Amino acid sequence: MLVDSFSVAGKADTTEYKSSKFVYNNTEVEMKDGHAVVTPTHKELEIRISQHAPKTGLMLVGFGGSNGSTLLGGLLANQHNISWERKDGVCNPNFFGSMIESSTVRLGTTHAGEDVYAPFRSLVPFVDPKNPDQFMLGGWDINNDNMYAAMQKAAVLDVTLQHKLRPYMENITPMPSVFDINFVAANQEDRANNVITAEYAKEMLGEEVDTTGRRWYVEVIKAQMRKFKEENNLEKIVVLWTANTECFAPIIEGVNTTEAELLASLKDAEKSKHIAPSSLFAIAAIEEKVTFINGSPQNTLVPGVIEYAVRNRSMIGGDDFKSGQTKMKSVLTDFLVSSGIKPTCIASYNHLGNNDGLNLSSPAQFRSKEITKANVVDDIVASNDILYKRPGEIEKPDHCIVIKYLKYVGDSKRAMDEYTSEIFMRGKNTIVLHNTCEDSLLAAPIIMDMALCGEMLGRLEIREPNGEWENFHPVMNTISFFCKAPRVPDQTPIINALPAQRACLENILRCVAGLPIETNMRLENRVM
Ligand code: NAD
């Protein structure tokens, strides 16, 4: 049974905050001569979130791409309740694929033995994407197509819906952006007809600019953000990179390994060439105290950027949306290893025919993707040395990733995976998957979720009883569920397994709501 909302008996929230006290049960492990001594720990904590969900603008870098135009079209269809016809009937808009909007949490069981569920979004006051007065989109693209034309070129949404969306989208044009062909594939150059020039910078900043290095780009981006916020009466903005995958930026001592190096390099004609356009957006967001999320695989968040964000206490997150094949991988590998089965060989092939695929047909950009896709099984494998035990070396499954550009399939990416595992008594088990991933239709709701979560985390505070309220760490590992290669604070383990990532987010928000964490023990059904 599903209920729209719920209250927790005996819990009284104020109009200003939804808050709870809870006991955080954990353990400390000490290794003594190869033996683990585990001490259970219990900590009283208070957690709260402001009840006010601010009017929020999500600014996408790569707004005019397949993801950007699909999210805008889908959002507007939901906000204005636009239905459309197809040969199989009338379709109504939905947010399927958004964990926040379309998944549920279990509240408990009635006396009659029926489980009761509530929408995930009812746990805390999220910004409501269905309400155009609370959530809107904007952003940058190096291509000047209006958003209707961009949606047509992406060829993702049904054409009948595109016609209905035309009046809402043809007057929206992305803002000019920073372009550097050295970071993306050569085949993207033709798209670049909407880039920030010295003349545009003068117009935005109201004065002549010194175009040495790349600091001036950061200043223009900051001015664009402020203008967008002001013109749309927004209380908050979130910036998210969904532009083309860049190659990895080299990490060079003296250039970008610390905040000081990075800020100095921005003004240097030569050193600044190593600072990727995506990092410039991250720096601008940090300086404006705006949450920044990287949805592509490249290392936008180089060490200097991370240090800058942490010191400024400005929220950052990423990398790379976990939408299709990798999502399956982080479920399947977790299931196999936690069942005591040993994956030994994983072969993953993709072919796709959208502009992202075209960009990834270039080796340097493919390499960024290969890295984020490959690391996803590492922590799962490391969790089970019973299976992966070769004294003196780290054993991992053979793992290969191939991506090919085949124009004909368009946005309908095909993912084919073969998982071979060792089972009882050296037997072999092989699972073959064929997954048709409608790429942008899978990614768009994830982009929205990342933004809604990123915004929400900025309002979430925690403290020990009577201590100072503190926000969560600026490196938002709480949004790992949405990321192929989750960014985590220094000295923190990376969790890739999808169920663990979801449980983390759900349980933190259950604490705010005053619900017990979901342990799945259900002793009431198991003990006489
Ligand atoms: P796309 O090529 O359709 O869109 C990218 C857009 O970015 C284009 O409109 C391009 O003109 C623009 N762009 C390029 N450089 C820019 C810059 N410097 N500033 C502003 N705009 C710029 O690609 P897409 O399918 O929308 O995917 C976008 C990104 O998301 C890619 O990096 C892709 O790897 C990543 N991603 C997508 C998925 C998915 O399922 N769709 C999953 C994970 C990651």
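This is a predicted model: local features need pLDDT of at least 70, side-chain atom pairs count only at pLDDT 80 or more; totals for chains, interfaces and linings use all residues.
A disulfide is a covalent bond between the sulfur atoms of two cysteines. The rule applied here requires the two sulfur atoms to lie within 2.5 Å.

Two cysteines illustrate the result. For Cys400, the closest cysteine sulfur belongs to Cys345 and is 8.4 Å away, which is too far for a bond. Cys400 has a relative accessibility of 37% and therefore counts as partly exposed. For Cys504, the closest cysteine sulfur is that of Cys453, at 10 Å, again too far for a bond. Cys504 also counts as partly exposed, because its relative accessibility is 35%.

An open sheet is formed by four strands in the order β13-β12-β14-β15, and its pairing is mixed. Strands β13 (398-405) and β15 (427-438) stand at the edges; each has a single partner strand, so one side of each is left without a neighbour in the sheet. On average, neighbouring strands of this sheet are turned by 10 degrees against each other, direction ignored.

Within the sheet, strand β12 (residues 342-352) and strand β14 (residues 412-423) run antiparallel and are joined by nine bridges. One of the residues involved is Lys342, whose bridge partner in β14 is Glu422.

Helix α14, which spans residues 439-459, lies across β12, β14 and β15. The helix runs at about 85 degrees to β15.

## Aromatic pairs

Five aromatic pairs are counted in the model. One of them joins Phe120 and Phe126: the ring centres are 6.4 Å apart and the planes stand at 35 degrees, so the pair is tilted. Phe120 and Phe126 are both buried.

Another pair is formed by Phe481 and Phe482, with ring centres 5.2 Å apart and planes at 90 degrees, so this pair is edge-to-face. Phe481 counts as buried because its relative accessibility is 10%. Phe482 is buried as well, with a relative accessible area of 2%. Elsewhere, ring pairs link Trp140, Trp241 and Phe281 into a cluster.

## A charge over a ring

An aromatic ring also takes part in an arrangement with a charged side chain. The charged end of Arg48 sits over the ring of Tyr17, at 3.8 Å from the centre of that ring.

Conventions: Residues are numbered from 1 along each chain as its sequence is written. Side-chain values use heavy atoms; hydrogens and water are left out. Buried means under 20% relative accessible area, exposed over 50%, partly exposed in between (1.4 Å probe, protein chains only). Two strands pair if DSSP finds at least two bridges between them. Helices (H or I, at least four residues) and strands (E, at least two) are DSSP runs, numbered from the N terminus. Axes are lines fitted to C-alpha atoms, for helices over the stretch in contact, and angles run from 0 to 180 degrees between N-to-C directions. Contact means heavy atoms within 4.5 Å. Rings of Phe, Tyr and Trp (its six-membered ring) pair if their centres lie within 6.5 Å; planes under 30 degrees apart count as stacked, over 60 as edge-to-face and the rest as tilted. A charge sits over a ring if NZ of Lys or CZ of Arg is within 6 Å of the ring centre and within 35 degrees of the ring normal.
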